[in-house]
Structures are given as C-alpha cells and as structure tokens.
Amino acid sequence: MQIYNLPYPPSINSLYRHKGPLVYKTKKWKEWVIAASAELIQQHSYLNKTIDYPIAVEMAVGRPDKRTRDLDNLTKVVFDLLQSADLPNGKIIENDSLIHRYEVYWSDDIVGIKVIIKRLSGGRD
C-alpha cells in the first residue's frame with residue numbers, strides 16, 4: 001500500500017485547453033504539479049518505481065471551502081498526475097488503465113487529498 005497527500009487541485013476545467021485538435025496542459029496544471037511534487041518529495045513517500053500492476057485507488061478529499069463541488073471533477077486530475085511524466089522522479093503509475101477500482105469521498109479530517117493505492121491480486125480483486 002502506498003499513501004500520498006496532495007494539495008487540493010484546481011478544477012479540471014482550468015487545467016486543459018484545446019487548440020484545434022490539440023489538447024495541452026495549462027500554466028495552472030504546471031503550477032499544481034510543482035506543488036504536488038514538492039509535497040511528494042517532502043513526504044519521502046514518493047518511490048522511484050513505477051507501478052505496473054492492477055491497483056485500487058482510494059481518495060479522501062478535504063473540502064477547501066463551503067462551495068458546492070463535484071468529486072468526479074477531481075479524479076481525472078489526480079489520475080493524470082499519478083501517470084504524469086512531469087513529476088521529477090517519473091510516473092507513480094504506468095497508466096491509469098491499471099486502476100481497476102476506485103473510491104472517492106469527502107472527509108472532514110483531510111486537508112487536500114489523501115490518495116491510497118493498493119495492489120489488487122489477480123488483476124481484478
């Protein structure tokens with residue numbers, strides 16, 4: 001099991017832009033990756049070995065304020081970070097297709113996002 005604490009990300013709607021058929025990451029994405037990378041390095045939990053086996057991901061999310069928010073808006077952002085080559089030590093997971101199950105929920109005990117990654121036995125659990 002691996003546990004990562006990440007800062008609360010910006011909305012998915014502000015992280016990607018389209019120019020014709022191309023999709024690119026915005027400055028907000030790059031800034032959040034830098035902040036998340038600093039958190040990962042500070043935790044000493046960011047290993048250099050990329051996960052290449054089926055996993056389950058649990059995300060406990062702290063509410064940053066009292067506004068109404070969608071949890072599903074956060075999953076893509078975090079999953080993209082986990083497989084991002086933009087991280088200084090490389091990807092945490094090889095591809096988000098390895099996530100065979102995930103659970104996301106609000107938690108009053110968390111600031112930002114706590115990500116728990118568990119290996120699945122036999123590929124499907």
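I take contact to mean heavy atoms within 4.5 Å. The model is predicted, so I note that local features need pLDDT of at least 70 and side-chain atom pairs pLDDT 80 or more, while totals for chains, interfaces and linings use all residues. Residues are numbered from 1 along each chain as its sequence is written, and side-chain values use heavy atoms, with hydrogens and water left out.

Entry on I117. Setting aside residues up to four places away in sequence, I find I117 touching M1, Q2, Y4, I51, I55, A56, V57, L82 and I92.

Entry on the strands (DSSP runs of E, at least two residues, numbered from the N terminus; two strands pair if DSSP finds at least two bridges between them). I see β1 and β6 running antiparallel with five bridges, and I3 has I116 as its bridge partner in β6. β4 also pairs with β6 in the antiparallel sense, over seven bridges, and I55 stands opposite R119.

Entry on S107. This residue lies in the loop between β5 (99–106) and β6, and I note it as buried at a relative accessible area of 14%. Beyond its neighbours within four places in sequence, S107 contacts A60, V61, G62 and R63.

Key
Helices (H or I, at least four residues) and strands (E, at least two) are DSSP runs, numbered from the N terminus. Buried means under 20% relative accessible area, exposed over 50%, partly exposed in between (1.4 Å probe, protein chains only).
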